[in-house]
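This briefing goes through a model topic by topic, with the cut-offs given where each term is brought in. Please keep the sequence and the coordinates open while reading.

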Amino acid sequence: MYTKNFLKILFVLVLGSVLMGCQTVSTSPAENGRLSVAATTSIVADVVQQIGGDSINVHQVIPNGTDPHSFSPTPRDLSQISGVKVVFVNGAGLEETLLKVLKNTVPDATLIEVSQNNPLIEGHEHPHGDEAGMGETHTTEGEEGHPLDPHTWTDPNNVMQWVDIIVTELSRLDPAHQQMYQKNGEAYKNQLKEADGWIQEQVAQIPAENRKLVTDHLAWGYFAKRYGFEQIGAIIPGFSTLAEPSAQEIAALEEQIRSQNIRAIFVGNQSNPALAKRIAEDTGAKVVPLYVGTLSDSDGPAATYLAYLRYNVNAIVDALK
Ligand SMILES: [Zn+2]
């Protein structure tokens, strides 16, 4: 009796690890009865996973810690998603390098832009690379040719709109689990709403005159708009990391940091750390690391989107309060 149960448990354990192993290597669109989908960034992948739960496998295309603006997939990255019917992408011009490749290599997959209903922030100028005639634009453009801010997830209210899009798409592909997707989506939206309230409480600790952000690139526009911050400037003065600042732009930023008493430069892990350090040394501001376009690894402090919000808000409040 004992042995029989023991063997049963062992069998389940072995089967479980085999199934878990399949999540990362198999290309079948329906693995173990689960719906198989792909997502570009770790942030999009996490939100899709929260809604899909045990009924889906999510293949994350851009590895954690990698810059989503510049990421270009290897043939192996692409072979892992060759069978999927849907790829959830951030959109709004974020995955500028990846999307060009995806549209050609997985032509049968539907690309769903989770940011499609978010009201996008429009920039006033082209990134300087375009002014110099250096070829293609760096971000999706608004109607008048102005670049658009793709970092929609920095406001959880935008991610609430993602949830509806993801629930609809998963339900279309896998109607048998529609109720579960809807239930998970509602529960997750409640968590996002709670996070929004928590962020408002936290930023209230920062005196109004200190609610100024200097960052590695202009990635915090939606956060700034929602929670009453001003984006003073950025080391790369654009919505993308695919540019280099000129000496004049760095000098102008340093002047602003000094004249506006800016205490901190918030940088993502994809930025140029030497340049941020130099600006900090020149101005007396300190460099504060944030997670920007990516979550941390699973054992890090920003392993989920909700943990990412907590980590970043705590870092911003500690630096500016
Ligand atoms: Zn960015």
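Helices (H or I, at least four residues) and strands (E, at least two) are DSSP runs, numbered from the N terminus. With that naming, Ala109 is found in the loop between H4 and S5. The model is a predicted one, in which local features need pLDDT of at least 70 and side-chain atom pairs count only at pLDDT 80 or more, whereas totals for chains, interfaces and linings use all residues. Residues are numbered from 1 along each chain as its sequence is written, and side-chain values use heavy atoms, with hydrogens and water left out.

**Zinc site**

- The zinc ion has as its protein donors His69 (NE2), His151 (NE2) and His217 (NE2), which lie 2.0 Å from it; donors are here N, O and S atoms within 2.8 Å of the metal (3.2 Å for Na, K and Ca), and sites may look incomplete because water is not among the atoms.
- Along the chain, the donors of the zinc ion follow the spacing H-x81-H-x65-H.
- His69 sits in the loop between strand S3 (56-60) and helix H3 (75-80), while His151 sits in the loop between helix H5 (128-131) and helix H6 (156-173), so this pair ties together parts that are 82 residues apart in sequence.
- Both His69 and His151 are buried, where buried means under 20% relative accessible area, exposed means over 50%, and partly exposed covers what lies in between (1.4 Å probe, protein chains only).

**Strands S2 and S3**

- Strand S2 (residues 34-39) and S3 run parallel and are joined by 5 bridges; two strands are said to pair if DSSP finds at least two bridges between them.
- S2, helix H2 (residues 42-52) and S3 together make a right-handed β-α-β unit; a crossover is called right-handed if, with the strands pointing away from the viewer, the path from the first strand over the helix to the second runs clockwise.
- S2 is largely enclosed by the rest of the structure, because 5 of its 6 residues are buried, and S3 is mostly covered, with 4 of its 5 residues buried.

**Strands S4 and S5**

- S2 also pairs with S4 in the parallel sense, over 2 bridges, and in S4 the bridge partner of Ala39 is Phe88.
- Strand S4 (residues 86-89) pairs in turn with strand S5 (residues 110-113), in the parallel sense and over 4 bridges, with Glu113 in S5 as the bridge partner of Val89.
- From S4 the chain crosses through helix H4 (residues 96-105) to S5, and this β-α-β crossover is right-handed.
- Ala109 counts as buried because its relative accessibility is 11%, and Ala109 and Val87, although 22 residues apart in sequence, are 6.6 Å apart in space, C-alpha to C-alpha.

- Ala92, whose place is in the loop between S4 and H4, has phi near 60 degrees, a positive value in a residue other than glycine; at 6% relative accessibility, Ala92 counts as buried.
- Asn261 has phi near 55 degrees, again a positive value in a residue other than glycine, and its place is in the loop between helix H9 (247-259) and strand S8 (264-267); at 64% relative accessibility, Asn261 counts as exposed.

- A search of the whole structure finds 1 cavity of 30 Å³ or more, where a cavity is a set of points, on a 1 Å grid over the protein atoms alone, at which a 1.4 Å probe fits but cannot get out.
- The largest cavity has a volume of about 30 Å³, a volume being the space filled by probe spheres set on the points, which are joined across faces, edges and corners.
- Thr154, Trp220, Phe223, Tyr308, Leu309, Asn312 and Val313 line the largest cavity, lining residues being those with an atom within 4 Å of a point.
- Helix H11 (residues 305-320) contributes the largest share of this lining, 4 residues.
- By class, the lining has 5 nonpolar, 2 polar and no charged residues, with Ala, Val, Leu, Ile, Met, Phe, Trp, Tyr, Cys and Pro counted as nonpolar, Asp, Glu, Lys and Arg as charged, and the others, Gly among them, as polar.

Methods
1 Å grid on protein atoms, 1.4 Å probe; cavity = no way out; pocket = protein on both sides within 12 Å on 5 of 7 lines; lining within 4 Å.
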